[in-house]
Amino acid sequence: MYTLAKQSALPAAFGRKSSAANGHTMTSSNVSRVHEYLQAVASMGPYETVADFYTADVTIQAFPNRIAPHGRVRHLSDVRAAYERGREILNSQTYRVQRIIEAGNELAVELEWTGILAVPVMSLPTGSEMKAFVAMFLTFRDGRIAAQRNYDCYPPFGPQENP
């Protein structure tokens with residue numbers, strides 16, 4: 001599932017939105033592609049559906065976080081295995097976009113990710129919910145993602161105690 005919570009409206013000078021002659025706001029093609037991309041990833045469908053969003057030389061970097069303490073860099077040749085592994089680990093996932101800011105071919109996306117586990121992960125049993133607050137920076141080239149940099153912030157896993 002994919003949802004759009006809200007988007008920050010920036011002046012057209014920042015490239016975020018522009019007004020059509022009829023007064024309606026138009027979203028750029030890269031912003032539309034981000035929404036389509038997140039929908040494709042959230043649907044957990046065939047890898048080819050997601051791969052169509054990437055350039056042949058894409059670089060996807062995850063900065064250090066709870067799941068990848070040393071961070072990681074993946075190229076297109078690595079992405080299929082990671083995507084398929086995600087499909088094995090998760091029953092479902094959702095992306096709730098908070099805002100998108102665009103400057104030319106660079107987009108910053110703030111979102112909340114939630115996944116429901118199909119298998120135990122770390123201290124979480126099957127059926128548990130994982131959550132991450134994500135800042136994602138995308139570089140587009142010819143309508144495709146050429147670079148993606150993720151800063152994933154995971155809250156503590158398991159039941160939370162009140163101090």
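The legends below accompany close-up views of one predicted model.

**Figure 1. Overview of the chain and the order of its elements.** The secondary structure of this predicted chain comes to 3 helices and 9 strands, and from the N terminus on these elements run β-β-β-α-α-β-β-α-β-β-β-β. Of the 163 residues in the chain, 38% are buried. The accessible surface comes to about 9100 Å², and carbon and sulfur atoms account for 55% of that area. When contacts between residues at least 6 apart in sequence are considered, 54% of them join residues that are at least 24 apart.

**Figure 2. Helix 3 and its buried side.** Helix 3 takes in residues 76-89, and its 14 residues should span 20 Å at 1.5 Å a residue, which agrees with the 20 Å that separates its end C-alpha atoms. Its buried residues are Val79, Tyr83 and Ile89. Because these three cover an arc of only 120° around the axis, they lie on the same side of helix 3. The face of helix 3 that is turned away from this buried side carries the exposed residues Ser77 and Ala81.

**Figure 3. What the buried residues of helix 3 pack against.** Two helices are among the partners of these buried residues, namely helix 1 (29-43) and helix 2 (47-51). The buried residues of helix 3 also pack against strand 4 (54-62), strand 5 (72-75), strand 6 (90-103) and strand 7 (106-117).

Figure 4. Gln148 is found in strand 9, which covers residues 144-153. With a relative accessibility of 5%, Gln148 counts as buried, because the cut-off for a buried residue is under 20%. The side chain of Gln148 is joined to that of Tyr37 by a polar contact of 2.7 Å, and a further polar contact, of 3.1 Å, joins the side chains of Gln148 and Asn150. Leaving aside residues up to four places away in sequence, Gln148 touches Tyr37, Tyr54, Thr59, Ile60, Gln61, Met136, Phe137 and Leu138.

Conventions
Residues numbered from 1 in each chain as written. Predicted model: local features only at pLDDT ≥ 70, side-chain atom pairs only at ≥ 80, totals over all residues. Heavy atoms only, no water. Helix = DSSP H or I, 4+ residues; strand = E, 2+ residues; numbered from the N terminus. Buried < 20%, exposed > 50% of the residue type's maximum accessible area, 1.4 Å probe, protein only. Contact = heavy atoms within 4.5 Å. Areas by Shrake-Rupley, 256 points an atom, 1.4 Å probe, with all protein chains shown as cover. Expected span 1.5 Å × (residues − 1). Arc of directions from axis to C-beta. Polar contact = N/O pair within 3.5 Å; in protein donor to acceptor, adjacent residues only side chain to side chain.
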